[in-house]
Amino acid sequence: MTSFAYYTWFPRLKQWSPTHFRVRFRQKCTSRPDLYELAQRSADLPRFVQESDVAMRYLRLLGPLDWTRFPERDLDTPWTIPPVPFAPFVAACLVKLNEQHVYMAQLRDYLVEHPALVWVLGFPLVPSRRYPWGFDAQASLPTARHFTRLLRKIPNAVCQYLLDETVRLLQAELNTEVDDFGQAISLDTKHIIAWVRENNHKDYVEDRYDKNKQPSGDPDCRLGCKRRRNQRTSSEPPPTPSDNPVPANTLRVAEYYWGYGSGVVATKVPGWGEFVLAELTQPFNQPDVSYFHPLMADVERRLGFRPRYGAFDAAFDAFYVYEHFHRDDFPLDEAFAAVPLSKRGRKRRQFDEQGLPLCDAGLPMPLKLTFICKTTRVVHQRGRYACPLVFPEPTGESCPVQHKNWPQGCVTTLATSVGARIRHQLDRDSAVYKHIYKQRTATERINSQAVALGIERPRLRNGQAITNQNTLTYVLINLRALHRVRQKKRHTAEQ
């Protein structure tokens with residue numbers, strides 16, 4: 001027990017409203033300009049900041065972004081303790097990625113070791129006379145647990161704003177050097193392995209690849225296939241087993257993981273590098289084509305125009321991909337999507353000048369009827385084309401090639417979109433097609449940089465946190481590229 005009569009203070013506490021405590025707490029915090037304003041007047045920085053190489057390096061890296069219009073959350077809340085702003089936290093996450101720290105505790109220790117960086121990033125400061133710089137870095141920072149909580153709570157639109165800014169800055173820097181920035185793009189996906197025991201093959205897990213058994217370590221990850229390949233042990237086809245009528249050379253070996261997929265759109269500027277234009281993170285069970293429309297919408301919004309060329313792998317061999325890049329006022333070789341023709345068991349079709357498909361005998365097949373197909377990912381109109389010798393009226397002539405469907409006549413079904421025709425008419429042996437298809441190396445190089453920053457195996461257990469960290473990873477890649485572009489332009493101007 002204590003001899004202090006603490007109950008005698010109760011009447012006094014009733015006279016103090018929560019605003020009294022909130023104001024006294026906020027009096028400890030000092031406000032400073034954001035990173036963008038600090039970068040504009042770096043000569044006015046405090047001396048301890050100018051003498052810190054780490055703080056000045058990150059000011060040069062993060063300062064070009066327009067933090068003034070950053071979509072900050074409402075900091076004027078009725079709570080006793082004011083919330084941590086989003087801007088310093090997001091900037092700290094970029095520092096974490098750049099320093100390749102795995103955990104938030106490592107980031108916090110790094111910030112405590114560099115108090116000038118804490119001042120530059122904009123965290124609310126707690127004044128202290130114990131330190132020559134006038135504040136306590138340990139008390140000014142949120143806990144490592146709160147850092148992790150913020151990463152999974154902030155909306156992804158906050159991170160996407162920074163990606164918007166990097167594309168704007170890159171476009172402004174390179175428009176003076178090239179006149180076709182963003183006209184040729186490429187899209188690819190990257191697998192992200194979830195941090196769950198089901199992905200650890202040294203750990204025994206019953207029904208590891210049962211998609212109905214969600215891993216307890218991550219409620220948002222999904223089961224997906226990374227790659228498939230044919231299994232063949234020798235150059236000669238193995239004999240068909242007597243107890244299994246399926247030939248062994250047709251068996252497929254697949255790699256399955258629980259995780260996510262990251263789709264990225266990149267553009268390549270010869271002599272300057274590769275740059276990220278858009279990104280999207282989804283669960284791993286989503287197909288590659290599901291990334292196309294959301295990413296293309298972000299690309300057009302950021303660039304202000306629709307790119308004329310696109311390079312994709314065979315997973316994007318769909319009519320709406322070709323239709324997206326087609327221009328009625330451009331020849332086919334000046335605006336198209338370079339996509340290999342997938343092997344779907346169908347032959348390559350020929351068309352006449354009116355766009356009607358030709359049958360095996362070389363006759364144009366008239367359109368018999370149209371209908372709306374709702375069983376595919378993209379709802380679209382399809383047309384059913386019939387044999388010209390039978391529809392609309394029988395001509396009495398016999399099939400020139402005596403097709404197996406004669407005398408009923410052949411029938412084929414195609415999407416009425418112009419993309420369905422371009423898919424077959426595109427000359428994939430031409431020099432311009434091969435040149436555009438080489439642009440796919442842009443996404444491969446971007447993915448290599450992302451893997452070096454740890455995107456493939458994040459130590460996170462939440463889909464929103466992984467989504468935000470992926471976006472910030474591509475923001476950092478663009479910031480590094482912007483730094484290289486400006487250095488090269490300064491070096492060229494000095495020569």
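**First stop: Asn-98**

Select Asn-98: leaving aside residues up to four places away in sequence, Asn-98 touches Arg-57, Tyr-58, Leu-61, Leu-476 and Arg-480 (contact means heavy atoms within 4.5 Å). This is a predicted model, where local features need pLDDT of at least 70, side-chain atom pairs count only at pLDDT 80 or more, and totals for chains, interfaces and linings use all residues. Numbering runs from 1 along each chain as its sequence is written, and side-chain values use heavy atoms, with hydrogens and water left out.

Asn-98 lies in helix α6 (residues 86–99); helices are DSSP runs of H or I with at least four residues, numbered from the N terminus. Is Asn-98 buried or exposed? Asn-98 counts as buried because its relative accessibility is 17% (buried is under 20% relative accessible area, exposed over 50%, partly exposed in between, with a 1.4 Å probe and protein chains only).

**Next: helix α17**

Now select residues 463–494, helix α17. Its 32 residues reach 47 Å from first C-alpha to last, close to the 46 Å expected at 1.5 Å a residue (the expected span is 1.5 Å times one less than the number of residues). At the start of α17, look for a side-chain oxygen of Asn-462 within 2.9 Å of the backbone nitrogen of Gln-464.

**Last stop: Pro-366**

Pro-366 is in the loop between β6 (336–338) and β7 (367–373) (strands are DSSP runs of E, at least two residues). Draw a C-alpha to C-alpha distance to Tyr-385: Pro-366 and Tyr-385 are 19 residues apart in sequence and 5.5 Å apart in space.

Terms used: Polar contact = N/O pair within 3.5 Å; in protein donor to acceptor, adjacent residues only side chain to side chain.
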